[in-house]
Amino acid sequence: MCQNFFQKILDFLYPPLCPLCDACVSSHGELCADCWTAINWIDGLHCAKCGYPFVAGFDSDKDILCPVCASGKNELDWIRSACVYDDASKQVMLPFKHCGKIKYARFMANAMIWALRDVDVSNIDIVMPVPLAWRRLFHRSYNQASLLAQPIARALGVKIDYDSVRRKYRADMGHKTAAQRARNIKGVFTVIKPDKIRGKHILLVDDVMTSGATFSELYKVLMRAGAASVSGVSFCRVVRSI
Ligand SMILES: [Zn+2]
Ligand SMILES: [Zn+2]
């Protein structure tokens with residue numbers, strides 16, 4: 001009752017607004033209907049392992065794998081993403097990543113928690129934001145993956161790990177092929193606190209999954225350090241036809 005009263009006062013002073021367009025919404029961290037429908041959410045049939053969305057009307061049972069996962073090329077236990085990386089989600093991603101729009105983190109993390117609806121998260125011990133190199137952290141002043149990882153770790157009731165893995169600085173990978181991205185990311189991560197990793201089921205968190213090379217490289221170093229399993233979740237993912 002008391003809490004409701006204070007919530008009403010807070011809502012009066014700071015009315016809940018859509019973080020993207022400032023339209024009134026019913027609760028904080030929600031998108032308005034127009035912004036919600038503009039985003040291409042991955043809410044249909046998808047690969048049981050990597051979350052790759054299949055075209056509408058694809059006729060199959062629930063546990064189908066995409067060709068990449070069926071050929072054993074995805075090592076992570078599973079990956080899920082909330083939406084497709086396209087012109088609409090770019091309007092979220094670019095300001096969030098490069099222009100300090102950290103107020104987007106709440107609805108993005110909520111969408112990522114929703115994206116975990118069909119996977120078993122009961123064994124996850126640690127949520128780990130994909131580490132940022134110090135030099136990049138210095139320029140940007142925040143790690144966008146950490147902002148997303150905090151509410152996800154809270155929702156799963158597990159700890160967040162910021163410091164077991166260090167990342168070397170390497171120039172940006174934008175617009176490169178999957179093979180170039182894989183080469184560029186190779187060797188950038190080092191596990192510096194293996195005691196915190198050994199035997200743990202780890203959920204990696206990133207804002208966008210492009211080719212999957214970052215998740216894959218982290219998988220390799222974490223498993224080498226004795227992790228029990230590695231999974232991943234991103235807000236959006238690049239979807240190329242496979
Ligand atoms: Zn809106
Ligand atoms: Zn797949």
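Predicted model: local features only at pLDDT ≥ 70, side-chain atom pairs only at ≥ 80, totals over all residues.
Which strands does α4 lie across, and at about what angle to β6 does α4 run? α4 lies across β1, β6 and β7, and its direction makes an angle of about 105° with β6.

Let me turn to the sheet itself. Five strands make up an open sheet, in the order β1-β7-β6-β2-β3, and their pairing is parallel. The edges are held by β1 and β3 (159-160); each has a single partner strand, so one side of each is left without a neighbour in the sheet.

I would like to look at β2 in some detail. β2 is joined to β3 by two bridges and to β6 by four bridges, and it runs parallel to β3 and to β6. On the β3 side, Ile126 has Lys159 as its bridge partner. On the β6 side, Val127 is partnered with Leu203. Which residues of β2 point one way, and which the other? Ile126 and Met128 point one way, Val127 and Pro129 point the other way, and all of them are buried.

Next, α7. This helix lies across β2, β3, β6 and β7, at about 135° to β6. The buried residues of α7 are Gln144, Ala145, Leu147, Leu148, Ala149, Ile152 and Ala153. In an α-helix there are 3.6 residues a turn, so residues three or four places apart point the same way. The buried residues of α7 pack against α4, α5, β2, β3, β6 and β7. After α7 comes Gly157, with a positive phi near 70°.

Apart from neighbours within four places in sequence, Leu148 is in contact with Ala105, Met108, Ala109, Met112, Val205, Asp207 and Phe235.

I turn now to the overall division of the chain. The protein is divided into domain 1 (1-38) and domain 2 (42-237). Their C-alpha centres lie 28 Å apart. The contact takes six residues from domain 1 and seven residues from domain 2.

Finally, one residue in the loop between α1 (2-13) and α2 (33-38), namely Asp22. Most residues other than glycine have a negative phi. In Asp22, however, phi is positive, near 70°. Is Asp22 buried or exposed? Asp22 is exposed, because 10 other C-beta atoms lie within 10 Å, and a residue counts as exposed at 12 or fewer.

Note on methods
Residues numbered from 1 in each chain as written. Chains lettered and ligands numbered in written order. Buried ≥ 20, exposed ≤ 12 C-beta atoms within 10 Å, placed from the backbone. Contact = placed C-beta atoms within 7 Å. Pairing = 2+ DSSP bridges. Axes fitted to C-alpha atoms, helices over the stretch in contact; angles between N-to-C directions. Domains from an automatic or database assignment.
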